[in-house]
Amino acid sequence: MSSLVAENIKQFSKALEGKATLIAVSKTKPVEDIAEAYEAGHRDFGENKIQEMADKYEQLPKDIRWHMIGHVQGNKIKYMAPFVHLVHGIDKAKRLKELDKEAAKNDRIIDCLLQVHIAKEDTKFGFDEVELTEVLTESPEEKYPNVRIRGLMGMATFTDNELQVRNEFKGLFQIYSKAKAQLGLQHFDILSMGMSGDYQLAIDEGSNMVRIGSSIFGERNYQSK
């Protein structure tokens with residue numbers, strides 16, 4: 001598996017060069033697999049559980065850029081605040097406040113993305129467009145001085161309907177473009193959308209950051225977790 005991980009990393013990095021930042025989604029995977037990807041030159045890894053990410057942080061090289069891509073639980077933010085590189089899944093204003101509080105305790109400014117609900121599924125988290133506008137028009141850089149909103153994140157519906165997925169990505173790109181124009185902030189520059197099954201569609205529709213897991217590390221055995 002290890003040599004396959006390194007080969008997959010190299011192939012994806014080459015294919016995405018100049019198009020999108022690759023986040024290798026290492027959730028549920030052992031540190032040995034991450035180390036293999038690291039040795040192949042990769043530095044951006046995504047986890048969906050804060051405690052698992054913190055455990056891996058302790059065991060692996062400190063120049064790894066850790067991305068929290070899962071649903072953020074407020075009571076666990078403190079465990080990732082000292083080191084997390086980018087928080088993808090801020091889905092309510094309350095979480096911004098909590099992240100700002102923990103960032104201040106660690107004398108850091110933590111980068112984050114606001115998650116927008118674009119899927120036709122109730123299981124997905126995120127702001128709707130009205131809620132997003134409220135957050136972005138309330139001078140968040142002043143309200144949350146230890147948080148820097150870098151852009152938006154979204155997940156499309158899990159479906160074989162390619163047109164539906166494309167339209168959801170297209171809609172998020174329009175929301176992102178509108179927000180970027182309204183804010184006028186140079187650092188608002190990330191649109192994270194697209195995973196193993198739909199990343200090419202996402203890139204076609206304007207994504208500049210993709211989250212690839214199973215296509216790099218193989219399928220996950222959730223029963224072991």
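Reader: Let's start with threonine 28. Is it buried or exposed?

Author: Threonine 28 counts as buried in this predicted model, because its relative accessibility is 15% and the cut-off for buried is under 20%.

Reader: Where does threonine 28 lie?

Author: Threonine 28 is in a loop, the one that runs between strand 1 (21–25) and helix 2 (31–39).

Reader: And what's the phi of threonine 28?

Author: Phi there is near 70°, a positive value in a residue other than glycine. For background, most residues other than glycine have a negative phi.

Reader: Nice. Which residue just after helix 5 takes a positive phi?

Author: That's aspartate 107, with a positive phi of about 55°. Aspartate 107 sits in the loop between helix 5 and strand 5.

Reader: Buried or exposed, that aspartate 107?

Author: Aspartate 107 counts as exposed, because its relative accessibility is 71%. Threonine 28, as we saw, counts as buried.

Reader: Let's go back into helix 5 itself. What span should its 13 residues have?

Author: Helix 5 covers residues 93–105, and at 1.5 Å a residue it should span 18 Å. Its end C-alpha atoms are 19 Å apart, which agrees.

Reader: Good. Which residues of helix 5 are buried?

Author: Arg95, Leu96, Leu99, Asp100, Glu102 and Ala103 are buried. As a general point, an α-helix has 3.6 residues a turn, so residues three or four places apart point the same way.

Reader: I'm curious about glutamate 102. Why is it called buried?

Author: Glutamate 102 has a relative accessible area of 12%, and anything under 20% counts as buried.

Reader: What does glutamate 102 touch?

Author: Ile77, Lys78 and Ala81, once residues up to four places away in sequence are set aside.

Reader: Switching to helix packing. How do helix 6 and helix 8 cross?

Author: The axes of helix 6 and helix 8 (residues 162–183) come within 11 Å and cross at roughly 20°. That angle makes helix 6 roughly parallel to helix 8, because angles under 35 degrees count that way.

Reader: Is the crossing right-handed or left-handed?

Author: Helix 6 passes helix 8 in a right-handed crossing.

Reader: Which residues meet there?

Author: From helix 6 there are Glu129, Leu132 and Leu136, and from helix 8 there are Ile175, Lys178, Ala179 and Leu183. By class, this contact has five nonpolar residues, two charged ones and no polar ones.

Reader: Thanks! Where is glycine 126 placed?

Author: Glycine 126 is in the loop between strand 5 and helix 6. With a relative accessible area of 24%, glycine 126 is partly exposed.

Reader: What is glycine 126 in contact with?

Author: Leaving aside neighbours within four places in sequence, glycine 126 contacts Asp91, Gln115, Val116, His117 and Glu131.

Reader: Now helix 3. Which of its residues are buried?

Author: Ile50, Glu52, Met53, Ala54 and Lys56 are the buried residues of helix 3. What covers them includes helix 2, strand 2 (44–47), strand 3 and helix 4.

Reader: And leucine 60, where does it lie?

Author: Leucine 60 is in the loop between helix 3 (50–59) and strand 3 (65–68). Leucine 60 counts as buried, at 8% relative accessibility.

Reader: What does leucine 60 touch?

Author: Val31, Ile34, Ala35 and Trp66, not counting residues up to four places away in sequence.

Reader: Last one: what about asparagine 8, buried or exposed?

Author: Asparagine 8 is buried, with a relative accessible area of 14%. Its place is in helix 1 (residues 2–16), and asparagine 8 touches Ser215 and Ile216, not counting residues up to four places away in sequence.

Methods
Residues are numbered from 1 along each chain as its sequence is written. This is a predicted model: local features need pLDDT of at least 70, side-chain atom pairs count only at pLDDT 80 or more; totals for chains, interfaces and linings use all residues. Side-chain values use heavy atoms; hydrogens and water are left out. Helices (H or I, at least four residues) and strands (E, at least two) are DSSP runs, numbered from the N terminus. The expected span of a helix is 1.5 Å times one less than its number of residues. Buried means under 20% relative accessible area, exposed over 50%, partly exposed in between (1.4 Å probe, protein chains only). Contact means heavy atoms within 4.5 Å. Axes are lines fitted to C-alpha atoms, for helices over the stretch in contact, and angles run from 0 to 180 degrees between N-to-C directions. Angles under 35 degrees count as roughly parallel, over 145 as roughly antiparallel, 65 to 115 as roughly perpendicular and the rest as oblique. A crossing is left-handed if the near helix is turned anticlockwise from the far one by less than a right angle, and right-handed if clockwise. Ala, Val, Leu, Ile, Met, Phe, Trp, Tyr, Cys and Pro count as nonpolar, Asp, Glu, Lys and Arg as charged, and the others, Gly among them, as polar.
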